Amino acid sequence: MVVSDPIPAEYSLDRDCTTLSRHVVQQLVKTGKAASLLAPEAQDISAIMGRIALAGKLVARRLSKAGLVENALGFTGDVNVQGESVKRMDLYANEVFISVFKQSGLVCRLASEEMEDPYYIPENCPIGRYTLLYDPIDGSSNVDINLNVGSIFSLRQQEGEDLDGKATDLLQSGHKQLGAGYILYGPSTILVYSVGDGVHSFILDPSLGEFILTEESIQIPPHGPVYSVNEGNFWQWEDSIRDYTRYVHRHEGYTARYSGALVGDIHRILMQGGVFLYPGTRQKPEGKLRLLYESAPLAFLIEQAGGRASTGTQRLMDVIPQALHQRTPLIIGSQEDVELVESFIQDHHRRQGAEQDG
Ligand code: P6P
């Protein structure tokens, strides 16, 4: 008689065999973006997600040892295109994403927060017509103090030949994204993605070296208690955002959470509900966060999870960038909480209009 050794509940085989690549292919067929599991577009995007997962594993490994490895932490002494001091981890992660796509025949252009112009992999271009836009390490100020950081990615299809090397075909709205996601490097390494049919999360099982499916079709609560904003900027904000802040200070049921790293703050809101704000200031009305590789991919995800993302006055996904590193104000999260912030902005504009008419 064969005695089947009971498999402990936490190791369900079906779940452990739902690897990221297999899940992506299934998703693409479900969304109709691929005719079959073996269709080239399904295999390509699945392979791209597999390479992104490999990049996540390499970055997670480096982060876990950063404190023990010479010259892994701290600053390089350079300043990036954003005018920000570059951390060694920023550069490492940026190189990792480039390296995993070399000889892949998949992605022929990479646009990153860390590079003024896109990086081309010409040998891939005849085959792979995809462009990866990414923030290799978002929140890198947290790296040296062992707090959570993340990578954000967005996948687009190249349009035209880009002969001038300026990638102007990328200057289109967020609706052009084929998929988007983030990797959160925390107590666990979590990869969250969507290719247009819901948001799904995977946790890296270090013993397997695989991202294992943990949650499918994540839905953000319509309302949540968290508001996530750097209140140190209060005196630089427009009156509308100050009025919103005073409202949540004075009403029960709100709590402030802000880590200084976008991916962790967004993940909390995706899972528990609430709103994240990085509004413009009087000096910088365009805000701080970048549109193409931070706000647009997160807006894609949050909308797929039933949430809302805006600049405060416009749906974030509709914004058409004028430049690769364009910044944008970002208000993102639960439908009701984003709408509450927008209502303060609309009221403020109405009052301004009335005063001007008055
Ligand atoms: P501040 C990190 O530099 C980042 O780009 C995001 O990860 C984060 O949400 C934001 O900037 C924090 O900016 O001005 O509050 O320190």
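**Entry 1: getting my bearings**

I start with a definition: helices (H or I, at least four residues) and strands (E, at least two) are DSSP runs, numbered from the N terminus. I also remind myself that this is a predicted model.

With that in hand, I looked up Ser173. I found Ser173 in the loop between strand 6 (149-157) and strand 7 (179-185). Is Ser173 buried or exposed? It is buried, because its relative accessible area is 13% and the cut-off for buried is under 20%. Not counting residues up to four places away in sequence, Ser173 touches Arg156, Met317, Asp318, Val319, Ile320 and Pro321. I also checked its separation from Arg61, which is 112 residues away along the chain. The C-alpha atoms of Ser173 and Arg61 are separated by 34 Å.

**Entry 2: the nonpolar cores**

Next I turned to the inside of the protein. In soluble globular proteins, nonpolar side chains tend to be buried together. Here I noted that the largest nonpolar core has 45 residues. Which residues have the most contacts inside this core? They are Ile52, Phe101, Leu132, Leu191 and Tyr193. Helix 3 (residues 40-65) gives the most to this core, namely 10 residues.

Leaving aside neighbours within four places in sequence, Phe101 is in contact with Ile48, Arg51, Ile52, Val107, Leu110, Ile121, Asn124 and Leu132.

**Entry 3: helix 2 and its cover**

I followed helix 2 (residues 20-30) and listed its buried residues: Leu20, His23, Val24, Val25, Gln27 and Leu28. What covers them? The cover includes helix 3, strand 8, strand 9 (200-205) and strand 10 (210-215). After helix 2 comes Gly32, with a positive phi near 80 degrees.

Strand 8 made me curious, and I looked up one of its residues. Thr189 is found in strand 8, which runs over residues 189-194. Thr189 has a relative accessible area of 11% and is therefore buried. Its contacts, leaving aside neighbours within four places in sequence, are Ala60, Ile183, Leu184, Phe202, Ile203, Leu204 and Phe211.

**Entry 4: around the ligand**

- An N or O atom in the side chain of Tyr258 is 2.5 Å away from a ligand oxygen.
- An N or O atom in the side chain of Tyr278 is 2.6 Å away from a ligand oxygen.
- A polar backbone atom of Leu262 is 2.9 Å away from a ligand oxygen.

How much of the ligand does the protein cover? The protein covers 81% of the 400 Å² of accessible area that the ligand has on its own.

**Entry 5: Pro279**

I moved on to Pro279, which lies in the loop between strand 13 (274-278) and helix 7 (291-304). Pro279 is buried, with a relative accessible area of 5%. Leaving aside neighbours within four places in sequence, I find Pro279 in contact with Val229, Trp237, Ile241, Gly287, Pro329 and Leu330. Pro279 and Thr311 are 32 residues apart along the chain, and their C-alpha atoms are separated by 7.7 Å.

My last search was for backbone angles. Most residues other than glycine have a negative phi, and most peptide bonds are trans.

Gln103 has a positive phi near 55 degrees. I located Gln103 in the loop between helix 4 (88-101) and strand 3 (107-112). Gln103 counts as exposed, because its relative accessibility is 69% and the cut-off is over 50%.

Ser217 has a positive phi of about 50 degrees. Ser217 sits in the loop between strand 10 and strand 11 (226-228). Its relative accessibility is 40%, so I wrote Ser217 down as partly exposed.

Technical notes:
Residues are numbered from 1 along each chain as its sequence is written. This is a predicted model: local features need pLDDT of at least 70, side-chain atom pairs count only at pLDDT 80 or more; totals for chains, interfaces and linings use all residues. Side-chain values use heavy atoms; hydrogens and water are left out. A nonpolar core is a set of buried Ala, Val, Leu, Ile, Met, Phe, Trp, Tyr and Cys residues joined through side-chain atoms within 4.5 Å. Buried means under 20% relative accessible area, exposed over 50%, partly exposed in between (1.4 Å probe, protein chains only). Contact means heavy atoms within 4.5 Å. A polar contact is a pair of N or O atoms within 3.5 Å; within protein, one must be able to donate a hydrogen and the other to accept it, and residues adjacent in sequence count only if both atoms are side-chain atoms. Accessible areas come from the Shrake-Rupley method with a 1.4 Å probe; for residues, only the protein chains shown count as cover.
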